[in-house]
Amino acid sequence: MPDSRHFLVEFLRLARQFWCSEHKRTIRGAALLLAALTMLQMVMAVLLNRWSAGLFNALEQHSMTDLLTQVGKLAILFVCGIVLTGSHLFVKRNLMIYWRDWMTEYVFTRWMKDGAHYLISHLPGEHDNPDGRIAEDCRIATESAVGMAHSLFYSILMLVGFTQVLWSLSGVVTLDLGFVRLPVYGHLVWIAIVYAATASWLGWQVSRPLTGATNQRQSAEANFRASLLEARENSQAIALIRGEAYERHQFHELFHKIRLIWNDQTKAWRNILMFTSGYSVFSMAFPILVSSPRYILEKITLGTLMQSAQAFQHMASALSWPVNNAGGIAEWRASVERILNLLKVLDDLDAELAKADHVIEVRRGDRPVLAFRDLSIVKYDGTVVAQNINMEIGQGEHVLITGNIFTGAKLFRAIAGIRPWGSGVIELPARGRLFFMPPRPHLPSGTLRNAICYPSSRRVPSEEEIVQAMRLAGLTNLIDKLDNSDKWVHTLSRQELQRLGMVRLLLNRPQWIFLQEAFDSLEPEEEEQMMRLICAQIPDATLLTISHMPNNAAFHPRSLEL
C-alpha cells in the first residue's frame, strides 16, 4: 500500500474537485450548516455535564426544590436535543449523497468515455471489477469520509470544551516530594492526555492489520461476484459443454480465498474488540477513581465529582478518536485506494494516448475515402500484428478482410478509435456515419423497442419503420413483443440477436458499414440473404466485411489480406 502521506494527498486532490464543483455553494453551505449543528451538539454536551453536577448536588443535599429545577432543565435539554439530532442527521445524510453522487458520476464518466472501459483492460494495474469500485467503493469512501470527518470535528470541539471544564474542576493539587512541594494545575487534564495517548497508540498498533485484510477482502468479494456474473451471462455455453463442474471448482476456489481473508480479518477484529472492550470497561471506572480522593477528603462535592468524571470521559473519548474509528478508517482507506487505483489507470491511459510516437493517428479527411497510410497495428506489449497497410477505400466500395480474422477485428477497433497502439494514419471519410456490427450486439435490459433503438442518439424510428425492418430481418415472431421488458441478451438466441443487429442497421442506414462476423451463427444461405438485403436496402453504402461465408467474393470485388 502507498504511505499515508501520499494516500492523503491523492485523496485530498480528488476531494478538492468535489468542493470546487459547479454545485459548490450548496455543498459548502451544507458543510457549514453541519459544522454549526456539530458545535451546538458540543454545547449540549457541556450543558448536560453542568446539569449532571446540579442533579447530584441536589441529591446530596436532599433538596426537592433543586431536584424539580433540574427536571425542568432536563425537559428543555431533551426537546432541544431531539430537534438538534434530527436536523443534524438530515444535513449530514444530504452531504453524504451529494458527495457520493458527484464521485460516482465522476468515476463512471471517466470510465465510460471514448472506449476507456475497454482500453484499460490492456493496461497493467489495479483496476479489476470497476463496477464494484463505482457502486460500492464510492459509497463507502464518501459516506465514511463525511461520517469520520464529522466525528473528528466533534471530538476536537469536545476536547477544547471539556479540557477547559476539566481544568477548572481539577483545581490545584500539591505534590509532596519530601524535599519540595510542587503545585500541579489541571492534574486531571494531564492524566487524561497520558491515558488517552497511551490507549490510542496501543489501539492503533492493534488495528493496523485490519486495513490490509479489508482491502484484500473487498477485492476477493468483487472477484467472486464477477465470476458469478460471468457464469450467468454464459450459462448456455456452459450448459452445452457441461462445464458446471469446472465452474463450481472456480467458485469454490474464489470463495476459499474469501474465507482465508475473512479469517485474517476476523483475527484483526478480534484483537481490536478485545482491546476496545477492555478499554471501555476501564474507562468507566478510571475517571471516578482518579477524582474520588478529593471527594473523600471533602475537597469537592458529589456533583463536582460526577461532573469531573464525565468531563474526563469526554476528553479521553475525544483523544481516543483514532482507536474508536480504527475499523472505519481501515474500510474507508481500502475503498478510497480502490477508487484511486482505477483513476490512476485511467490517467495512465490518457498519458499513453498522448504519446504520438506509438499511437495510431485517426483523423477526418477532406474526401469521401477511408484511407490507411503506413498503418501498423501492435499489441500493448509491442508485438506487431500487422504492418505497412496502405489502401484507399472509396464510397460505395465493398471490401473483404481476409487472412487473420483476429487482426481484422483489431483493424476495426483501430478505425473506431479504441485500438490506438501502433503507428501510421487512419483517415476517415469527410462525411458519413460509421456503423460497426460485432458478432454479438449489445441489447440493454428494458423494452425490446428501446433495445433496438439503442443508443438512441439519433431520431427515434416510427412504429412502421421498426416493424418493416423486423420483417425484412426475419423477426416477425418478435413484433408483438416490442413493448415487453426483459433481459434480451439472455432471452434471445444468438441467431435472433444477430438478426436484431440487422434491424438496427436497416433503421440507421449508415454510409460506412463494418461487419465483423455479424451473421456467423446463421446458416450459409441465411447469411447470404442478409448480405443481399444490405446491398438492396443500402446500395450506396461502403462495406468492409470479416466473414467465413464461402461465396463472399460475390459481394466484395476488393479484398484486404492481413
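The model is a predicted one, in which local features need pLDDT of at least 70, side-chain atom pairs count only at pLDDT 80 or more, and totals for chains, interfaces and linings use all residues. Residues are numbered from 1 along each chain as its sequence is written, and side-chain values use heavy atoms, with hydrogens and water left out.

We can begin with the overall build. The protein contains 17 helices and 13 strands, both taken as DSSP runs numbered from the N terminus (helices are H or I with at least four residues, strands are E with at least two). Its radius of gyration is 35 Å, well over the 24 Å that the globule rule gives for 562 residues, so the protein is more spread out than a compact globule. Here the radius is taken over C-alpha atoms, and the globule rule is 2.2 Å times the number of residues to the power 0.38. The C-alpha trace spans about 110 × 55 × 50 Å along the principal axes.

Of the 562 residues, 44% are buried, where buried means under 20% relative accessible area, exposed means over 50%, and partly exposed lies in between (1.4 Å probe, protein chains only). The protein exposes about 30,100 Å², and carbon and sulfur atoms supply 58% of this area; accessible areas come from the Shrake-Rupley method with a 1.4 Å probe, and for residues only the protein chains shown count as cover. Among contacts (heavy atoms within 4.5 Å) with a separation of 6 or more, 78% join residues 24 or more positions apart.

Next come the aromatic side chains. The structure holds 12 aromatic pairs, that is, rings of Phe, Tyr and Trp (its six-membered ring) with centres within 6.5 Å; planes under 30 degrees apart count as stacked, over 60 as edge-to-face and the rest as tilted. Phe 18 is buried, at 1% relative accessibility, whereas Trp 19 is partly exposed at 26%. The rings of Phe 436 and Phe 514 are stacked, because their centres lie 4.5 Å apart and their planes are at 15 degrees. Phe 436 belongs to strand β8 (residues 434-437) and Phe 514 to strand β11 (residues 512-516), so this pair ties together parts that are 78 residues apart in sequence. Phe 436 is partly exposed at 30%, while Phe 514 is buried at 1%. One aromatic cluster is made up of Phe 7, Phe 11, Phe 18, Trp 19, Trp 99, Trp 102, Tyr 106 and Trp 332.

The backbone also has some features to look up in the model. Most residues other than glycine have a negative phi, and most peptide bonds are trans. The peptide bond from Tyr 454 to Pro 455 is cis, with omega near 5 degrees, and Pro 455 sits in the loop between α13 (448-453) and α14 (463-472). His 62, although not a glycine, has a positive phi of about 55 degrees. His 62 is in the loop between α2 (24-60) and α3 (64-111) and is exposed, with a relative accessible area of 74%. Asp 374, also not a glycine, has a positive phi of about 50 degrees and lies in strand β4 (residues 369-378).
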